[in-house]
Amino acid sequence: MTQFKRVASLADIPPGTMLKVYLGHRAVAIYNVDGELFATTDNCTHETASLSEGTLNGHEVTCPKHNARFDVRTGKALCFPAVVGLKRYSVRVEDDDVFIGPPA
Amino acid sequence: MTVTQGFTRQQVVELSARLGEPEWMRERRLAAFDQWLTAPLPSREDEAWRHTDLAPLGLDDLGALTTGNGSAPAHQLDEAGAAGVVVLHDGALVSQRLEPEHAAAGVVFTSLQEALVSHPELVRDAFMTDCVPAAEDKFTLLHAALWQAGVFCYVPRGVEVAQPLLAITSLGHGGDAYLPHTLVLADEGASVAVAEQHAGGEESTLIVSVTEVLARRGARVQHTVVQDWGDEVAEIAYRRAHVGADAEVRLCVGSLGAWLDKCFVGAVLDGRGGHCDLHGFYFPRAGQRVDNNTLQEHRASDCTSNLLFKGAVPEESEVVFRGVIRVHPDAQKTDAYQTNNNLLLGDDARADSMPVLEIEADDVKCSHGATLGSLDEEELFYLRSRGLPRADAQRMVIAGFFEPILEKLPLTGLRDWVAEELAERIERQQGAES
Ligand code: FES
């Protein structure tokens, strides 16, 4: 677990919600999709916007700014205006603790 | 978000007393402090801050100024060729020298805190008034209230300092907030070059620095500052020249360290026939952010300004360039140019370049250009044409990319240091790839 850092408790991210945390100086968004957690960079790849302030629909997050959508499981950009995907991070849950690790 | 009300009026009063300042400076600090308390933080609606997430700066926990722990400056430059040297470490003046002939001609080169005591009249009119006004934003207000150290240079009318002056500002362990100021004042027809190295800082530190360069009528000034702060340091810097009639200013900012380097660099051309060159280079470490907001503000006619910012962007780094050319209605016959070149060194590197032209005069020449290159295309060219091994070709391409700016840096000591730092980053880049 050397590279993993505790960033939140599971109770902070109920199913269907997202949470912005910081890994060092980087903002990371954690998504809870029906009890399964995923994490990506929080910043949209189109311009600049915090994805965790957008909406999460199933495994798709929609950017609050110009509505680009990304698949939170793969990081893939699903529609215009984003073309570049999101970097993913590994997530681990132990009891109530959520850990973020190196890029997946 | 409300900012840290962690700083107190009492800290301002104590700092001012410790520095033994004139009363007017204490009054100005307090006035700035009172405004700072209620000034809003820049919001992400504000174009210049749109790309900056202030949350990781931990502003709410900030309430103290960096103090030294008795360490000595670690890295010093070769001073050869410098007509004067000022060394500040952890905010204290550690050493200074100036060639006697310049001192005899009335040149002053010392710490700002010293200058406030020895030459208060010179500081008074220039300090955070026309060039970088104290009330510009929340961070300049904080700086005006609590700046704790700095460099001061004054060159009297018609005096020429042929060799560059060198100022070194370093931090030991760092921590909390460090607010350094540089004030360069060149009177009519004076000529001077000031080069600064900013380095050090191990702990998480917020640096809010201000550099003011005032070139009166016909003066020629070159100011260079290269920072290599530690990885836990974040810097918000305001570096600006106020260019008088027929004056010529060259500003250069180099960014090598800090996890966040947000820099407002600009020139205000305020008298007819002034000229300014603005140069910037950056080569952050992986994961760092460089965010340059430049301003070429033409207020008077017949002025020229040229801007060239270029840098290499490694894996996971982000570089933002937002360059504003602003031409006021009276500034006819303006000639302003802006270029931003980025070299992406990884799939995950990110560079955004945004030119902004705000032109209110009709007889002007303004243009901008931006290029975004990746190493591979250019590297291929070298490999093909010279049969060089990949690593050598890479090194040559990156070094060549920086050369036009490097060759203009004053002082061999500064140039060698920057060249070494660039070489180290290139090597790390190659290590990351293989
Ligand atoms: S910033 Fe996210 S879609 Fe434009």
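What follows is a short chat about a predicted model of chains A and B.

Trainee: How many residues of chain A are in contact with chain B?

Mentor: 14, and they meet 14 residues of chain B. Contact means heavy atoms within 4.5 Å.

Trainee: Which residues of chain A lose the most area to chain B?

Mentor: His25(A), Arg26(A) and Thr48(A), together 50% of what that side buries. The two chains bury about 1100 Å² between them, 35% of it on carbon and sulfur atoms. That is accessible area (1.4 Å probe) lost on being put together, summed over both parts.

Trainee: How many salt bridges between chain A and chain B?

Mentor: Three. Each needs a side-chain nitrogen of Lys or Arg within 4 Å of a carboxyl oxygen of Asp or Glu. One of them pairs Lys87(A) with Asp348(B), at 2.4 Å, N to O.

Trainee: Switching to chain B. Why does the length of helix H2 agree?

Mentor: H2 of chain B (residues 23–38) has 16 residues, so at 1.5 Å a residue it should span 22 Å, and its end C-alpha atoms are 24 Å apart. The expected span is 1.5 Å times one less than the number of residues. Helices are DSSP runs (H or I, at least four residues), numbered from the N terminus.

Technical notes:
Residues are numbered from 1 along each chain as its sequence is written. Chains are lettered from A and ligands numbered from 1 in the order in which they are written. This is a predicted model: local features need pLDDT of at least 70, side-chain atom pairs count only at pLDDT 80 or more; totals for chains, interfaces and linings use all residues. Side-chain values use heavy atoms; hydrogens and water are left out. Helices (H or I, at least four residues) and strands (E, at least two) are DSSP runs, numbered from the N terminus.
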